[in-house]
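Here's a quick briefing to read with the model open in your viewer.

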Amino acid sequence: MLDSSLKFGTSGLRGLAVELQGQAARRYTAAFLHHLKSLGQDSGGRVFLAQDFRPSSPAIAADCAAAIVAAGLTPVDCGAIPTPALAYHAMAAGCPAIMVTGSHIPVDRNGLKFYVPGGEISKADEAGILAALGDDPVADLTEVVSDEGDAATGRYFARFASLLPEGALAGVRVGVFEHSTVARDLLTRILQHFGAETIALDRRDSFVAVDTEAFSDAVFAPLASWVQQHGLDAVVSADGDGDRPLLMHAGGEFVRGDVLGLITARYLGARTVVTPVTSNSGIERTGSFSRVVRTRVGSPYVIEGMMGATGSVIGFEANGGTFVGDGVSVAGKPLSPLPTRDAILPLLCVLGLAAGKGVGVAELVAALPLQHALADRLQNVPNERSAAFLTRLSGDEAYARELFTPYGIAELTQIDGLQFRTGSGDMVHFRASGNAPELRCYVEGSTAEVARELLDWGLRIAASETA
């Protein structure tokens, strides 16, 4: 039997690397391929593979390749490339794909992101994979796997080649926080293509988990000093598999992912925006879009919301990962849909828009009618403790009001987790992570000081109640 710790979260299958490696990865891959066959989506005969830089990823990718061969199909290795680059290349070939990545979660964990020929799998696909999951062992790989890494990265680079005007970033000095993201080389190459001067920062051979929503993590401590030391207009980066962006502007402050997504949607002329409930509540107040659709947290929910939308459609999450739907064009040229998170797209749009207006990124952000928002998480909180806390908080009104005594409760929304509006109109949102044993807290405040106070309070309360 497969270990019960392996499960689908907000984007793909996740679990401890030691439990995923071997027959577990092979059986989940076999189940995915069986599900594709049941849908009549296994034509083309090839399945594209890529991986992040985690030490466990190569072996798990080999397990996936073994299962692909056992199913009578041909595995195609694209190497260590960003998830959106893999998805884009596989979609162009009309073939499925599997990305071996744990994204932003700790190095001892890993995962599989599955793609049907039309893009990222849905929640219905997840159910189909689980239904097809069996216990039969899959034999070892004995065939040589073909390599299309250069072709995949070349196609992805070409997607952005005309996104901005030629020389749009000339005179812009950008630090690329390289760490261990598979996006580091492509990100540098694309920035330089538009004329930016890039400074390589902190390239690492060992994997480090980077959560682009947890700005207080120690890994980010040097960024502000790099801005000053190198006279940078911005520092940019991405998470491990290159589908969540990170940006710090020249003032030494991080720009939240949902703000990056919002600016990108405006730059691309979106009529409809689809984004989770955790994204800033001020998005509607901008008046920039005909429709704003709110969803649960997770790329499958955003993609589902985009499928039902009309006009030019952009989706984004609070982590900044940005999705391109139908009807989007740049300078009169269509931008083909890519229904999966992308980190490079929002970084280019934000830097390009700021440079085009002759202002800094900080000025772009300051002009938006948004509340001050922060987010962080408690790590190593067992799922059952998070569930017990959230269940009591939602079901016991007296308990909830006692906890919220300093701020009061004016409204509770339960689209995903628990989002409380305080008596003064601020917000505190508790939600258990779908990817790891973590309890997340998102806040919005009328000032930066209020937001900081709310986040500190929320984390302190959550820690106390889940201890």
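**A buried charged pair, and what surrounds it**

Asp-217 and Arg-377 are both buried, where buried means under 20% relative accessible area, exposed over 50% and partly exposed in between (1.4 Å probe, protein chains only). Keep in mind that this is a predicted model: local features need pLDDT of at least 70, side-chain atom pairs count only at pLDDT 80 or more, and totals for chains, interfaces and linings use all residues. Residues are numbered from 1 along each chain as its sequence is written, and side-chain values use heavy atoms, with hydrogens and water left out.

**Salt bridges**

- The side chains of Asp-217 and Arg-377 form a salt bridge at 2.7 Å, N to O; the term means a side-chain nitrogen of Lys or Arg within 4 Å of a carboxyl oxygen of Asp or Glu.
- Asp-217 sits in the loop between S10 and helix H8 (223-230) and Arg-377 in strand S19 (residues 372-379), so this pair ties together parts that are 160 residues apart in sequence. Helices (H or I, at least four residues) and strands (E, at least two) are DSSP runs, numbered from the N terminus.
- Arg-377 also pairs with Glu-438, with the closest N and O atoms 3.9 Å apart.
- Zoom out and you get a salt-bridge network of Asp-211, Asp-217, Asp-376, Arg-377, Glu-438 and Arg-440.
- The count for the model comes to 28 salt bridges.

**Domains 1 and 2**

- The protein splits into domain 1 (7-149), domain 2 (172-367) and domain 3 (372-466), with bounds from an automatic or database domain assignment.
- Between the centres of domain 1 and domain 2 there are 26 Å, taken over C-alpha atoms. Their contact (heavy atoms within 4.5 Å) takes 30 residues from domain 1 and 29 residues from domain 2.
- About 2,200 Å² is buried between domain 1 and domain 2, and carbon and sulfur atoms give 62% of that. Buried area here is the accessible area (1.4 Å probe) that two parts lose on being put together, summed over both.
- Between domain 1 and domain 2 there are 2 salt bridges.

**Around Ser-103**

- Ser-103 lies in the loop between strand S5 (97-100) and strand S6 (109-116), and it counts as buried because its relative accessibility is 0%.
- Its side chain makes a polar contact with that of Asp-241 at 3.4 Å. A polar contact is a pair of N or O atoms within 3.5 Å; within protein, one must be able to donate a hydrogen and the other to accept it, and residues adjacent in sequence count only if both atoms are side-chain atoms.
- Leaving out residues up to four places away in sequence, Ser-103 touches residues including Lys-113 and Asp-243. The side chains of Asp-243 and Lys-113 themselves meet in a salt bridge (2.7 Å, N to O).

**Nonpolar cores**

- The largest nonpolar core has 65 residues, and Leu-163, Leu-191 and Leu-351 are among those with the most contacts inside it. Such a core is a set of buried Ala, Val, Leu, Ile, Met, Phe, Trp, Tyr and Cys residues joined through side-chain atoms within 4.5 Å.
- Helix H11 (residues 344-357) gives the most to this core, with 9 residues.
- Domain 1 and domain 2 both give residues to this core, so it lies between them.
- Apart from it there is another core, of 26 residues, including Leu-13 and Val-47.
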